[in-house]
Amino acid sequence: MVLDRRGFMKFMAGASVGVMATPIPWKLIDDASIWTQNWPWIPANVKGENRFTYVVSKMSPSAEPMRIRLVDNRPVRVLPVEDHPLGGGVSAMAVAEVQMMHSPGRVTKPLLRAPDGGFIETTWQNAVSLLQSKFREGMSKTAFISGDETGSTNEVLSALAKAIGSSDVFLMPSEGQCAAKAAELMGLNAQIGYDLERSDFVLAIGANILESWGTVVRNRRIFRDSHPSSFAGAKGNGPKPSATFAYAGAVQNNTAAVAKPWLPIYPGTEGVLALGLARLLLAKGRMANVENFEAFRRLANTFTLEETAKQTGVDPQKLVALADALLAAKAPLVIVGSEFSQGAGAAPIMAGIAVNALLGNINKPGGVSLLPLSNPTIQGASSRAQLYKKDLAAWVKDKTRPTVLVLHEANPLYALPDPEGTKAFLKDIPFKAAFTTFMDETAMECDLVLPIPMGLERVDDVESPYGCGKGIYCISAAVAEPLGGNIVNTPNILLHIARELGFDLGFKSYQDVLAAKALQYEKCSFEILVAGQPAVSEAQVSPYGFSLRPDVLEKAIKGRSAGDKALLALYSKLSLGTAKTGIPPYNTKTLRANELEGSTMAVIMNGATASRKGLRDGDKVVLDTGTRRIPAALRVFEGVMNDTVAVCLGFGHTALDQFSQNKGANVMELLSATKEPETGLTVWSKAGVNVLKA
């Protein structure tokens with residue numbers, strides 16, 4: 001089927017309306033010319049019955065619900081779902097999900113590594129038989145990596161791993177993993193959640209909550225609903241905002257652009273700022289009935305206003321005003337995180353939780369929610385909390401290697417720091433198999449590539465994404481046949497292989513797993529959830545045994561230390577896709593001059609920093625760590641902290657499709673993994689680079 005230009009414009013005009021219904025006023029998608037590309041793989045216009053169905057995105061990190069318009073049972077349009085706890089808009093990733101079903105970068109048939117190093121097509125029977133034989137050979141030396149943080153596929157992976165005697169099951173690194181470590185160290189047997197809906201003052205430190213952190217679409221909806229004048233065209237004459245959103249970070253990103261106030265701080269000093277705020281709150285008489293409180297007070301008192309300002313670069317008067325505003329709020333909430341949602345460690349989050357404890361908002365409306373940890377449905381499977389304990393970045397650097405590695409929707413070769421080291425790690429593994437939708441960098445290094453359906457083509461689930469303030473469970477049904485026909489989802493293949501190996505995991509199909517999981521929720525069933533009604537739990541865990549852990553914070557929270565180098569401030573944008581999808585083809589026209597110039601990645605400094613380094617706007621430069629170098633073009637923009645160079649993630653793909661390849665460099669090449677003191681978690685958010693004229 002081929003959609004003509006006029007039909008496609010009509011189709012995408014509707015999709016653009018869906019995007020712009022999102023709660024943020026800036027442009028997520030540029031002018032309509034983005035939709036006018038005459039690519040040969042554009043889906044055709046069709047006639048037939050018009051209906052709508054509900055799904056939850058498995059492609060967007062925000063996991064937002066979507067209302068899919070189908071014509072003749074074919075998805076043609078994505079619309080927002082307003083009355084869903086994760087909904088309220090459509091992200092730039094979700095709006096591309098229908099179109100990405102037809103991407104030229106998709107894998108549609110099993111591929112086997114040929115003797116000459118290339119790939120050849122093979123049958124499903126041969127592919128599954130080969131994988132089964134490798135499991136039988138490798139058994140306890142088989143490892144798994146999953147890129148799906150919220151799905152029950154991980155239960156199938158971990159249950160099979162246990163059956164064959166392996167404990168090596170890993171999730172790709174995420175902010176959720178850092179928060180899980182923070183909760184564990186502070187004695188909380190819970191998932192950290194944030195009740196933004198009922199907060200009247202939200203302070204995000206580092207966490208880019210309206211673009212790349214947590215449940216972004218839900219966060220945007222909350223912002224929109226609390227700022228009616230900004231969206232109703234009232235020009236300041238409408239009702240005042242019901243909540244204040246403040247942001248502290250190194251870059252004037254989309255969150256900073258609407259925050260009041262935005263406090264520029266040096267990258268990597270989020271924990272310092274939180275402890276500086278804690279000292280100001282303590283000076284106002286705030287206390288917390290928790291273990292080690294007096295030791296925490298002594299630690300916080302070392303973060304004087306002068307020292308905090310020196311380490312973070314924050315304006316002292318603005319910091320005092322921020323503390324006063326938190327104290328004046330009825331339901332204040334502090335969120336600390338990474339601007340690119342990974343690699344910053346547990347300690348800054350711990351410092352943020354400590355500030356919330358001083359504000360008295362743990363398990364209170366508008367505060368930090370301690371959500372119960374979910375239990376696996378499959379006997380022998382690992383819970384998400386258990387999987388979070390496995391440190392993938394550390395394991396990759398370890399000298400031990402599995403005999404067999406199985407990946408599900410994971411692209412560690414692109415997404416982990418030091419890609420060359422990851423490539424060497426993969427090369428040392430005798431057999432690697434990738435379950436994937438797109439031919440990404442890691443799949444290109446595998447011996448067997450098995451295509452799986454996209455989210456709209458399979459039954460799957462989403463359970464309580466990190467950031468949400470309550471327990472939420474959703475199931476999506478397939479709304480379309482997989483491109484290429486006979487494509488089977490990862491868990492169904494692994495359940496089949498388990499039976500062939502003589503292991504009974506208790507379920508014949510993945511749908512059976514999800515149906516059983518649905519029954520764990522009160523007044524729920526598989527049918528109710530598939531129809532679009534989420535299961536929502538208000539349950540909270542007691543903070544009994546909660547400790548502020550000053551012993552950990554004292555050693556783990558550090559200020560800036562880049563010497564003469566510029567501090568590297570990384571940020572990400574949903575429109576640039578993910579490591580496993582690349583840049584959606586329709587989003588290439590949204591790239592701006594301060595992100596990409598031709599095929600060269602652009603980096604950003606403010607005018608004073610550039611001048612001190614003898615650089616000007618438009619200069620060709622090199623970012624140099626001393627061991628690694630990447631080329632870039634310099635753009636001058638005043639929305640960047642002093643002595644800092646801001647770099648956008650999402651470029652530098654060497655695989656996927658022509659829309660992602662040959663665009664800039666992968667910034668992960670500049671980063672090295674180190675251990676966070678006391679927590680033991682692998683981190684890579686702090687780095688300094690020399691910015692040299694090319």
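A pocket is an open set of grid points with protein on both sides within 12 Å along at least five of seven lines. In this predicted model, about 700 Å³ of space lies in the largest pocket. The structure also holds 9 cavities of 30 Å³ or more. Its largest nonpolar core has 81 residues, and there are 8 aromatic pairs.

**Largest pocket**

- The lining of the largest pocket is made up of 33 residues.
- Nearest the centre of this pocket lie Q191, P372, L373, S374 and A385.
- Helix 5 (175-185), strand 8 (191-194) and helix 14 (384-388) each give at least two residues to the lining.
- Helix 5 supplies the largest share of that lining, with 7 residues.
- By class, the pocket lining splits into 15 nonpolar, 12 polar and 6 charged residues.

**Cavities**

- Rolling a probe the size of a water molecule over the atoms shows where empty space is left.
- The largest cavity has a volume of about 1100 Å³.
- It is lined by 48 residues, and P61, P173, S341, Q342 and T578 lie nearest its centre.
- Helix 5 and helix 16 (412-415) are the elements that give two or more residues to the lining of the largest cavity.
- The lining of the largest cavity holds 21 nonpolar, 18 polar and 9 charged residues.
- The second largest cavity has about 220 Å³ of space.
- Its lining counts 22 residues, with G268, E270, S338, E339 and S685 closest to the centre.
- Strand 10 (244-249), helix 13 (347-358) and strand 20 (566-571) each give two or more residues to this second lining.
- Strand 20 gives the most, with 3 residues.
- The lining of the second largest cavity has 12 nonpolar, 7 polar and 3 charged residues.

**Nonpolar cores**

- Within the largest core, Y194, I205, I209 and F296 touch the most other members.
- Apart from this core lies another one, of 47 residues, which includes A161, F431, I452 and L501.
- Beyond its neighbours up to four places away in sequence, Y194 touches W213, R218, L333, V334, I335 and I349 among others.
- Also on the contact list of Y194 are G367, V368, Y466, G467, C468 and G469.

**Aromatic pairs**

- The structure's aromatic pairs number 8.
- F135 and F144 count as stacked because their ring centres are 5.9 Å apart and their planes meet at 20 degrees, and planes under 30 degrees apart count as stacked.
- Both F135 and F144 are buried.
- Y194 and W213 form an edge-to-face pair, with 5.5 Å from centre to centre and 65 degrees between the planes.
- Y194 sits in strand 8, while W213 sits in the loop between strand 9 (201-205) and helix 6 (216-226), so the pair ties together parts that are 19 residues apart in sequence.
- Y194 and W213 are both buried.
- One aromatic cluster is formed by F170, W395 and F425.

- N489 is in the loop between strand 18 (471-476) and helix 18 (490-500).
- N489 has 5% relative accessibility, so it counts as buried; the cut-off for buried is under 20%.
- Leaving aside neighbours within four places in sequence, N489 is in contact with I452, P453, R458, V459, D460 and Y510.
- S140 is in the loop between helix 3 (124-138) and strand 6 (142-146).
- S140 is partly exposed because its relative accessible area is 41%, which falls between the limits of 20% and 50%.
- S140 touches I164, G165 and S166, not counting residues up to four places away in sequence.
- The C-alpha atoms of S140 and A161 are separated by 7.7 Å, and these two residues are 21 residues apart along the chain.

Terms used
Residues are numbered from 1 along each chain as its sequence is written. This is a predicted model: local features need pLDDT of at least 70, side-chain atom pairs count only at pLDDT 80 or more; totals for chains, interfaces and linings use all residues. Side-chain values use heavy atoms; hydrogens and water are left out. A nonpolar core is a set of buried Ala, Val, Leu, Ile, Met, Phe, Trp, Tyr and Cys residues joined through side-chain atoms within 4.5 Å. Buried means under 20% relative accessible area, exposed over 50%, partly exposed in between (1.4 Å probe, protein chains only). Contact means heavy atoms within 4.5 Å. On a 1 Å grid over the protein atoms alone, a cavity is a set of points where a 1.4 Å probe fits but cannot get out, and a pocket is an open set with protein on both sides within 12 Å along at least five of seven lines; lining residues have an atom within 4 Å of a point. Grid points are joined across faces, edges and corners, and a volume is the space filled by probe spheres set on the points. Helices (H or I, at least four residues) and strands (E, at least two) are DSSP runs, numbered from the N terminus. Ala, Val, Leu, Ile, Met, Phe, Trp, Tyr, Cys and Pro count as nonpolar, Asp, Glu, Lys and Arg as charged, and the others, Gly among them, as polar. Rings of Phe, Tyr and Trp (its six-membered ring) pair if their centres lie within 6.5 Å; planes under 30 degrees apart count as stacked, over 60 as edge-to-face and the rest as tilted.
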